[in-house]
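Me: I have a structure open and some questions about it. Can we go through them one at a time?

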Amino acid sequence: MSDTVDKVSDTLVLYDIPGKPGSRSWSPNVWKTRLILNYKAIPYRTEWISFPDIEATFKAIGIKPSTTKESEDTHYTCPSIIDYTVTPEEKVTDSNVIALYLDKKYGSNEKYGPSLFPEDNAEAQFAFIAQFKAILQPLVALMLGCIPAMIEDPRGVSYYHEKRGKKYGPLSEFVPAGSAERQRAWKGLQEGLDTLAAAYDKNKEGGGEYAFGKAVTYVDIVVAATFLSTRYVPVDRDGPDVKPSTLDVSFVDFDGVRFRLSTGERKTLLTLSMNIRCWGELVKYGAMDVLKKEYGSYLAASTEAGYHVSLEYDTEKVPKEPEAREALIKSAALLRRHALAGPFVKAFATQKELDSVPAPTDGSAAPIGELMQVHYRDEEAIYVQASHDRVTVIFSTRFIEDTDRIFGKVFLQEFVDARRLPTIQTAPQVLYSNREPPLEIRQVPGLATGDDVGYVTFILFPRHFANPNIAHNTISHIQLFRDNLHYHIKCSKVYMHTRMRARVAEFLKVLNRAKAEGSGEITRKTVTGRTFSSR
């Protein structure tokens, strides 16, 4: 993001305090505003501003202080916004005030969605939020000393210690690890979370899943922002009262991939297992080599029954540093991706080997690598083959419904046409064929043909896997092509159905207004004033 405000830009600017990479936006108060903007799809851009620069910057551009208390200095803080979509521009600060401003301006309509303060219930919502803050006050105590580790600017870290130190004392001594105060804070947080859960459960009994019923309100935004910020501000659970509990959770991913996360006899040993239908093919094409390289000692020697591969994590030995722990969690979450990466890694290596072999001088065809087939779905597969100058990746996909086939053809043709634009000339070449499979795989027995089958070919040149980082991104993106395609097909159908329902509703309103008044007894008057009825 830019470091200066472009006053000519016709958009809304959100001021935020920068965190370290991986946790760029960490403040729960700023997340309240950011979530509203994202939820309502309001265009905006972020201006990052360090703690010690907030007051001077806001004074210079005319943003008023959030609060002015007799016991404290004038208080300038984030979030603050400048709305350049209106003339003169609006400058608003404080998350609650910003919420009211955005809801009033963008209101309840088809483009920006329903109001976050339905039936003008702002007073009731703010009362709920006050209670929410009170019961989760222990969370603030637990987070306070952890925040400096997330701030990017060293000046901001010093400023935070100075300002908070005046109010709470040295942060290193505030609710320190292992202290009785910290144990009480954890206990209080648990009680607060139970109270909050009970409030939401009560609404579920009445058919509503949100704080105020069946629709999202500002209260839900505040709750979500609070918990979202805890993902980025590390709060370590410590002390003898914290005991590991048993866990057994099963869940699924795209393409029928099944996972199980569980603990065994040792509650501190987490096991993550995966079942994927094309495991035999993946092992044949080097999946285990990729997994061993990625997970090392975390790769379990034995696998749970009913699953193909397992990872084991001893929670007592996981890294303490937030960055290292986040990287470990992300790596575990990419288990499916790394398993499917085997054929691609092998193809990239084969291409380099073939490229180093001199081209035949007798007019014969250049050698090519093995055609690797990964049947990752019923009746659908990925075909990967390397040659001396490229790696060809072919997706077969089946469209169950006629409308899906029409939408899919439009999207896939756009992939082909879009590459003609000068700005994306370096993108992989994309080819689409309907009914008949591409030449590269026509010799494969049992290929499906017909109107409901399509084949998408990606041509990856060496520049698309020139170094490990580029290759990693290429593999990650191309794996999700099929899911991304069908996701957008479904979104397009939902959008069209929504528009049609809205249009029908408008037509019904017009018809209702055009209805003739009901016939019945009509009272009339004569010239002399006498009345009579006619039927």
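Me: Is E379 buried or exposed?

Reply: E379 counts as exposed because its relative accessibility is 59%. Buried means under 20% relative accessible area, exposed means over 50%, and partly exposed is in between, with a 1.4 Å probe and protein chains only. This is a predicted model, where local features need pLDDT of at least 70 and side-chain atom pairs count only at pLDDT 80 or more, while totals for chains, interfaces and linings use all residues. Residues are numbered from 1 along each chain as its sequence is written, and side-chain values use heavy atoms, with hydrogens and water left out.

Me: Where does E379 lie?

Reply: In the loop between β9 (372–377) and β10 (380–386). Helices (H or I, at least four residues) and strands (E, at least two) are DSSP runs, numbered from the N terminus. E379 has a positive phi, near 65 degrees, and is a residue other than glycine.

Me: And what about the phi of A41?

Reply: A41 has a positive phi of about 55 degrees, although A41 is not a glycine. This residue is in the loop between α1 (28–39) and β2 (44–48). A41 counts as exposed because its relative accessibility is 53%.

Me: New topic. At what angle do α13 and α15 pack?

Reply: About 120 degrees, with the axes of α13 (residues 402–418) and α15 (residues 481–513) 10 Å apart. Axes are lines fitted to C-alpha atoms, for helices over the stretch in contact, and angles run from 0 to 180 degrees between N-to-C directions. The two helices are therefore oblique to each other. Angles under 35 degrees count as roughly parallel, over 145 as roughly antiparallel, 65 to 115 as roughly perpendicular and the rest as oblique.

Me: Which residues in α13 meet α15?

Reply: Among them are F407, F411 and F415 in α13, and the α15 side includes L485, I489 and M496. Contact means heavy atoms within 4.5 Å.

Me: Now the sheet. What is the order of its strands?

Reply: β5-β6-β7-β8, an open sheet of 4 strands with antiparallel pairing. Two strands pair if DSSP finds at least two bridges between them. β5 (248–252) and β8 (309–314) are at the edges with a single partner strand each, so one side of each has no neighbour in the sheet.

Me: How many bridges join β6 to β7?

Reply: There are 6 bridges between β6 (residues 258–263) and β7 (residues 269–275). L261 has L272 in β7 as its bridge partner.

Me: Last one. Which residues does a cis peptide bond join?

Reply: C78 and P79, with omega about 10 degrees. The bond from T87 to P88 is also cis, with omega near -5 degrees.
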